[in-house]
Amino acid sequence: MKKVLFFITLLAFSFSCSNENRKETEQESLEAMSEEVMQYDEDITQSVVDHHLKAFIGNDLNETMADYTEESILITPYRTYRGLAEIQLNFENAFAALPKDSTTVTVSKNTAIRDVGYIIWEADAPKLNFSYCSDTFIIQNGKIVSQTFAGIITPK
């Protein structure tokens with residue numbers, strides 16, 4: 001009986017040690033992945049936001065779309081756009097509403113922290129007024145992977 005109890009205790013101890021080692025290895029792997037993901041370059045984030053603003057204000061569809069990938073998403077109060085084709089549709093509509101030759105855009109905040117870009121802007125367009133508009137961008141590998149937009153848009 002003592003031999004059986006000793007064997008069961010030994011097995012339980014072995015399993016416990018093995019399980020703890022596996023947990024430690026999993027934790028180390030998660031920490032390593034987290035450190036890799038958490039490496040941000042605020043200069044790149046700011047550069048992408050600045051490029052996006054310049055292209056947007058200039059109604060340059062090709063340059064605007066260069067900031068996105070097929071995996072990008074754009075969330076607005078009206079619709080969520082997924083992928084390049086849908087996001088392009090959003091900007092085609094935006095550029096029609098904000099013609100560059102007769103629209104004034106004013107950016108009151110433009111900041112980048114880690115992988116997050118944030119802007120506040122307003123625009124006076126021929127048929128619409130855009131007030132207190134805000135965009136938040138998540139930038140990874142030099143591209144906008146996620147963006148949100150909210151603002152007050154009123155007809156003239």
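Which residues does D135 touch, not counting residues up to four places away in sequence? In this predicted model, D135 is found in strand β5, which spans residues 128-140. Residues up to four places away in sequence aside, D135 touches G117, Y118, I119, W121, Q147, T148 and F149. Two of these neighbours are also joined to D135 through their side chains: a polar contact of 2.7 Å links D135 with W121, and a polar contact of 2.8 Å links D135 with Q147. Although D135 is buried, no salt bridge is formed by this residue. The nearest side chain of opposite charge belongs to K109, at a distance of 14 Å.

The loop between β4 (116-124) and β5 contains P126. With residues up to four places away in sequence left out, P126 touches P99, S102, T103 and K156. The C-alpha atom of P126 is separated by 9.5 Å from that of T104, and the two residues are 22 residues apart along the chain.

A further arrangement concerns two helices. The axes of helix α2 (residues 42-57) and helix α4 (residues 83-97) come within 10 Å of each other and cross at roughly 55 degrees. Helix α2 is therefore oblique to α4. On the α2 side, the contact is made by H52, A55 and F56, while α4 contributes F91, A94 and F95.

Notes: Residues are numbered from 1 along each chain as its sequence is written. This is a predicted model: local features need pLDDT of at least 70, side-chain atom pairs count only at pLDDT 80 or more; totals for chains, interfaces and linings use all residues. Side-chain values use heavy atoms; hydrogens and water are left out. Helices (H or I, at least four residues) and strands (E, at least two) are DSSP runs, numbered from the N terminus. Buried means under 20% relative accessible area, exposed over 50%, partly exposed in between (1.4 Å probe, protein chains only). Lys and Arg count as positive and Asp and Glu as negative; His and the chain ends are not counted. A salt bridge is a side-chain nitrogen of Lys or Arg within 4 Å of a carboxyl oxygen of Asp or Glu. A polar contact is a pair of N or O atoms within 3.5 Å; within protein, one must be able to donate a hydrogen and the other to accept it, and residues adjacent in sequence count only if both atoms are side-chain atoms. Contact means heavy atoms within 4.5 Å. Axes are lines fitted to C-alpha atoms, for helices over the stretch in contact, and angles run from 0 to 180 degrees between N-to-C directions. Angles under 35 degrees count as roughly parallel, over 145 as roughly antiparallel, 65 to 115 as roughly perpendicular and the rest as oblique.
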